[in-house]
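I opened the notebook today to record what I looked up in this structure, entry by entry. The sequence and the model come first, and my notes follow.

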Amino acid sequence: MKQFVIVLIALFSATLVFCQEKSEPKTEFTKMYLPVWLEAQLHCLEVAEAMPEDLYGYKPTPESKSFAEQMVHIGYTIELLTKRYVQGMEVKPNTPDATTMSKSEIISLLKKGFAYTTNVIKTVEKSKLNETCVMYHSGNKVSRAFAFFYVQDHLTNHRAKANLYLRLNNIKPPEYTW
């Protein structure tokens, strides 16, 4: 009987963990958006992995961000922009210093940012998505649902630059699959 109870508890715990990982978004929009977001996440992490650590400091011009700075900018602003525009939180930038971070620390930062936004995609309520917000740089008024596209567009802009940095170092970028 004791073994049966232990097995039952283990099965319940495993089911709970599995259900949390497989949680489905709450709205039709976020159900549609999640696979797009996950593909963008995967591609960005592949780009980050493709650059050798000794080239993370590479930048094509003195005015450009380094590869590490592009990746840190992506990882940090994914969460910041999600908080600001999707969730309507008051946040102030405080970007980590890429020059003090290793490749693995930068990839961890990327994963943290992606995990944060993925969780918001899965948990945000429709009423929140229907609210509007004003974009900081442009002044455009958009729905919070639309703000998810801004988060991804910003990520794509900086990922594309990082992709070019790979090419400039004769490294074939990961295949784009979307």
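What span should the residues of helix α6 cover at 1.5 Å a residue, and how far apart are its end C-alpha atoms? I noted first that I am working with a predicted model. Helix α6 covers residues 144–168, and its 25 residues should span 36 Å, whereas the end C-alpha atoms lie 37 Å apart, which agrees. I then checked α4 in the same way and found that its 21 residues reach 30 Å from the first C-alpha to the last, close to the 30 Å expected. Just after α6 I noted Asn170, which takes a positive phi of about 60°.

**Entry: overall layout.** I counted six helices and two strands in the protein chain, and reading along the sequence I wrote down the pattern α-α-α-α-α-β-β-α. Of the 178 residues in the chain, 41% are buried. I also looked up the contacts between residues at least 6 apart in sequence, and 73% of them join residues at least 24 apart. The chain exposes about 10,600 Å², of which carbon and sulfur atoms supply 58%.

Entry: In soluble globular proteins, nonpolar side chains tend to be buried together. Here I found that the largest nonpolar core has 44 residues, and that those with the most contacts inside it are Trp37, Tyr56, Phe67, Met71, Leu110, Phe114 and Phe148. Helices α2, α3 (67–86), α4 (103–123) and α6 each supply at least two residues of this core, and the largest share, eleven residues, comes from α3.

**Entry: salt bridges.** A search of the whole structure gave me eight salt bridges. One of the pairs I looked up is Lys31 with Glu24, whose side chains meet at 3.6 Å, N to O; Lys31 is partly exposed at a relative accessible area of 32%, while Glu24 counts as exposed at 53%. Glu24, Glu28 and Lys31 are linked in a network of salt bridges.

I then turned to Glu131, which forms a salt bridge with Lys128, the closest N and O atoms being 3.4 Å apart, and which also meets the side chain of Arg144 in a salt bridge at 3.0 Å, N to O. Why does the pair of Arg144 and Glu131 tie together parts that are apart in sequence? Arg144 lies in helix α6 and Glu131 in the loop between α5 (126–130) and β1 (132–134), so the pair joins parts that are 13 residues apart in sequence. Because buried means under 20% relative accessible area, Arg144 counts as buried at 10%, whereas Glu131 at 34% counts as partly exposed, and so does Lys128 at 25%.

**Entry: a surface patch.** Finally I looked for nonpolar side chains on the surface, and I found that Met32, Phe146 and Phe149 form a patch with about 300 Å² of accessible area together. Met32 lies in helix α2 (residues 28–50), and at 44% relative accessibility I recorded Met32 as partly exposed.

Methods: Residues are numbered from 1 along each chain as its sequence is written. This is a predicted model: local features need pLDDT of at least 70, side-chain atom pairs count only at pLDDT 80 or more; totals for chains, interfaces and linings use all residues. Side-chain values use heavy atoms; hydrogens and water are left out. Patches are made of residues with over 30% relative accessible area and no salt bridge: like charges are joined within 9 Å, nonpolar side chains (Val, Leu, Ile, Met, Phe, Trp, Tyr) within 5 Å. Accessible areas come from the Shrake-Rupley method with a 1.4 Å probe; for residues, only the protein chains shown count as cover. A salt bridge is a side-chain nitrogen of Lys or Arg within 4 Å of a carboxyl oxygen of Asp or Glu. Helices (H or I, at least four residues) and strands (E, at least two) are DSSP runs, numbered from the N terminus. Buried means under 20% relative accessible area, exposed over 50%, partly exposed in between (1.4 Å probe, protein chains only). The expected span of a helix is 1.5 Å times one less than its number of residues. A nonpolar core is a set of buried Ala, Val, Leu, Ile, Met, Phe, Trp, Tyr and Cys residues joined through side-chain atoms within 4.5 Å. Contact means heavy atoms within 4.5 Å.
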